[in-house]
Amino acid sequence: MPLRIKPRQKLVPGVLAAELMAPCGMDCGLCMAFVRDKNGCLGCRAGDEGKAKSCLACSIRNCEVIRSAEAHFCSDECGRFPCPRLKRLDARYRQKYRMSMLENLRAIQHEGVDAFVASERERWVCPECGGLQCVHIPECVYCGHT
Ligand code: SF4
Ligand code: SF4
Ligand SMILES: [Zn+2]
């Protein structure tokens, strides 16, 4: 299958980090916007530069519980967890992108974010070339392995 994108700079799983875990459970290090060379986004927690309008307007990122810094991540400590917006996002990612925000959030809550990031580094490594897989692309963006 032809590669849809091939970034010049090859990312490896070691770039994944706790700071790249968004409040909603998205691992921003696996996002196409993070992987691409041009107009990249440095992750949900990294300021507004390079962010799509939809990310800037995200109701989870802008949720008052998250904004008040009472919570670093959505969790069952929030009385509305999982709120409709989070459920919709989770359903879309489970259906289209082999990933569940709610599973990620539960693992973060139970194991801690550092242990979760360590498991993500193992899960998303390309067995063929060692590159970091992108959640939005079914094949490895560097070598095409599926
Ligand atoms: S576009 Fe959104 S999901 Fe992707 S890296 Fe940026 S903040 Fe994260
Ligand atoms: S689950 Fe709670 S903290 Fe997370 S976005 Fe919904 S209301 Fe905000
Ligand atoms: Zn590869």
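User: How do the residues of the shell around ligand 1 divide into nonpolar, polar and charged?

Analyst: In this predicted model, the shell around ligand 1 divides into 10 nonpolar residues, one polar and one charged. Its members are Ala22, Met26, Cys28, Cys31, Ala33, Phe34, Cys41, Gly43, Cys44, Lys51, Ala52 and Cys55.

User: What makes up the shell around ligand 2, by class?

Analyst: The shell around ligand 2 has 11 nonpolar residues, no polar ones and one charged residue. Its members are Ile60, Cys63, Val65, Ile66, Ala71, Cys74, Cys78, Arg80, Phe81, Pro82, Cys83 and Leu86. Since Arg counts as charged, Arg80 is the charged residue of this shell.

User: How do you know how compact the protein chain is?

Analyst: The protein chain comes to six helices and zero strands, following the pattern α-α-α-α-α-α along the sequence. Its radius of gyration is 15 Å, close to the 15 Å that the globule rule gives for 146 residues, so the chain is as compact as a globular protein of that length. Along the principal axes, its C-alpha atoms fill a box of roughly 45 × 30 × 25 Å.

User: Why is Val141 called buried?

Analyst: A residue counts as buried if 20 or more other C-beta atoms lie within 10 Å of its own, and Val141 has 24 such neighbours inside 10 Å, so Val141 is buried. In the protein chain, 29% of the 146 residues are buried.

User: Why is Glu128 called exposed?

Analyst: The cut-off for an exposed residue is 12 or fewer, and Glu128 has 12 C-beta neighbours inside 10 Å, so Glu128 counts as exposed. Glu128 also lies in the segment after α6, where, not counting residues up to four places away in sequence, it touches Cys140, Cys143 and His145. Glu128 and Cys143 are 15 residues apart in sequence, but their C-alpha atoms are 7.6 Å apart in space.

User: Why is Arg98 called partly exposed, and what else is said of its phi?

Analyst: Arg98 has 13 other C-beta atoms within 10 Å; because a buried residue needs 20 or more and an exposed one has 12 or fewer, Arg98 falls in between and is partly exposed. Arg98, in the loop between α4 and α5, also has a positive phi of about 55° although it is not a glycine. Most residues other than glycine have a negative phi.

User: Which peptide bond is cis, and where is its proline found?

Analyst: The peptide bond from Phe81 to Pro82 is cis, with omega near -15°, and Pro82 is found in the loop between α3 (64-67) and α4.

User: Which residues touch the most other members of the largest nonpolar core?

Analyst: Of the 28 residues in this core, Ala22, Cys24, Met26, Cys28, Cys31 and Met101 touch the most other members. The elements that give two or more residues to the core are α1 (32-35), α4 (84-97), α5 (101-111) and α6 (113-123). Leaving aside neighbours within four places in sequence, Met26 is in contact with Cys44 and Met101.

User: How do you know where confidence is lowest and highest?

Analyst: The mean pLDDT of the protein chain is 92, and 96% of its residues reach 70 or more. Confidence is lowest in helix α2 (residues 53-56), at a mean of 87, and highest in α6, at 98.

Note on methods:
Residues numbered from 1 in each chain as written. Chains lettered and ligands numbered in written order. Predicted model: local features only at pLDDT ≥ 70, side-chain atom pairs only at ≥ 80, totals over all residues. Near = placed C-beta within 6 Å. Helix = DSSP H or I, 4+ residues; strand = E, 2+ residues; numbered from the N terminus. Rg over C-alpha atoms; globule rule 2.2 N^0.38 Å. Core = buried A, V, L, I, M, F, W, Y, C linked by C-beta atoms within 7 Å. Contact = placed C-beta atoms within 7 Å. pLDDT = per-residue confidence, 0-100.
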